[in-house]
Amino acid sequence: MAIAKAERLMNLALCLLGTRRPLSKRELRESIEAYLEAGSDDSFNRMFERDKDDLRELGLVIETVENLDGEVGYQARRDSNSLPPITLDAEEAAALGLAAKVWQQARLAGAASGALQKLRAAGLPEDVDPYEAHGALEPRIPVHEAAFEPLMLACRDRRPVVFEYRKATAARPEPRHVEPWALECWRGHWYLAGFDRDRGAERVFRLSRITGKVRSRGGAFTAEVPDVVTVRETVASWAGETADRSALIRLRSGAGYPLRARATAVRELGDGWDELEIPYGHGLDAWLVEFGPDVVVLDPAELRADVVDRLRAVAKG
């Protein structure tokens, strides 16, 4: 069975790499013997989708193209699936190894290991061990949200998605149709940046607020994908990292250490409370809500009102 699947994957990869135009499912089925032997259309479709996902997991870049008749075709262009000669010195290899170790406790562990294997084949020196310890500290990026992996794959393959999303001010989640651009981590939380089709504008979604399954949708992106730097700036702004003014809050003593770390001024009030001045930007209200009764907003009034609205929404369930 393992040999048969490996042969089927190889044949599919050769078909996708060898064609000069996108091939439809029908054409691929007629070109690969194992697909012809599939008992039914449903059986073939399940087999093909698994094989396509397996090839993508192995690193093959498969493009999905829809023609004028609405038929979907698949192609793996050679220029997108080849690496130039790579030469790395010991320090560069160590940096790549460190990046790979970051993901060893997360969902990208397999992809990171596979990437290093490809670099070996492309010229990474055999005497360099990317996993060799280079310090006493080992970085880790925790990924607990179930939505991370399907969104990561959707960003990579440029596939629109739909999911249920609960805003901090809403009692119930609502569907969002999104063209995903990139995933970014800020303050230990993962965010998705993308184009919200329902609102016709770019939006940022916190993964911990996505409920249920992330489902893929067919078709191409309708909005232009910005560069990586612009996406990071967008996430930073929506996650509250871009501050253009200050807020005054009252914080319970011994609580809210992340807020204390960002404070520009701290004053003891007594009776178990401190007064903090912190940078105020988009998203600060959502962050303050996480500290519950340990935080009271003093100024500005609109921030206080936003926090109160969010807390009331949470109380309503």
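Predicted model: local features only at pLDDT ≥ 70, side-chain atom pairs only at ≥ 80, totals over all residues.
In which strand is the place of Arg206? Let me begin there: Arg206 sits in strand β7, which covers residues 201–206, where a strand is a DSSP run of type E with at least two residues, a helix is a run of H or I with at least four, and both are numbered from the N terminus. Residues are numbered from 1 along each chain as its sequence is written, and side-chain values use heavy atoms, with hydrogens and water left out.

Now, the whole chain. The protein chain has eleven helices and twelve strands, and 38% of its 317 residues are buried; buried means under 20% relative accessible area, exposed means over 50%, and partly exposed lies in between, with a 1.4 Å probe and protein chains only. The accessible surface of the protein chain is about 18200 Å², and carbon and sulfur atoms account for 52% of that surface, the areas coming from the Shrake-Rupley method with a 1.4 Å probe and, for residues, with only the protein chains shown counting as cover.

Back to Arg206, then. Is Arg206 buried or exposed? With a relative accessible area of 11%, Arg206 is buried, and, leaving aside residues up to four places away in sequence, Arg206 touches Tyr165, His189, Trp190, Tyr191 and Glu290, a contact being heavy atoms within 4.5 Å. Trp190, from that list, is found in strand β6 and counts as buried at 6% relative accessibility. The C-alpha atoms of Trp190 and Phe148 are separated by 8.2 Å, although these two residues are 42 residues apart along the chain.

Next, the sheet around these strands. Five strands form an open sheet in the order β7-β6-β5-β4-β8, with antiparallel pairing, and two strands pair if DSSP finds at least two bridges between them. β7 and β8 (210–216) stand at the edges with a single partner strand each, so one side of each has no neighbour in the sheet. From one strand to the next, the twist averages 45°. Strand β4 (residues 161–165) and β8 run antiparallel and are joined by four bridges, and Val162 has Arg215 as its bridge partner in β8. Across β4, β5 (174–186), β6 (189–196) and β8 lies helix α7 (residues 148–157), which runs at about 90° to β5; here the axes are lines fitted to C-alpha atoms, for helices over the stretch in contact, and angles run from 0 to 180 degrees between N-to-C directions.

Finally, please find helix α11, residues 301–316. Its 16 residues should span 22 Å at 1.5 Å a residue, and the end C-alpha atoms are 23 Å apart, which agrees; the expected span is 1.5 Å times one less than the number of residues. Which residues of α11 are buried? They are Leu303, Val307, Arg310 and Ala313. These four cover an arc of only 125° around the axis, which puts them on the same side of α11, the arc being that of the directions from the helix axis to the C-beta atoms. As a general point, an α-helix has 3.6 residues a turn, so residues three or four places apart point the same way. On the other side of α11, Ala301, Arg312, Ala315 and Lys316 are exposed.
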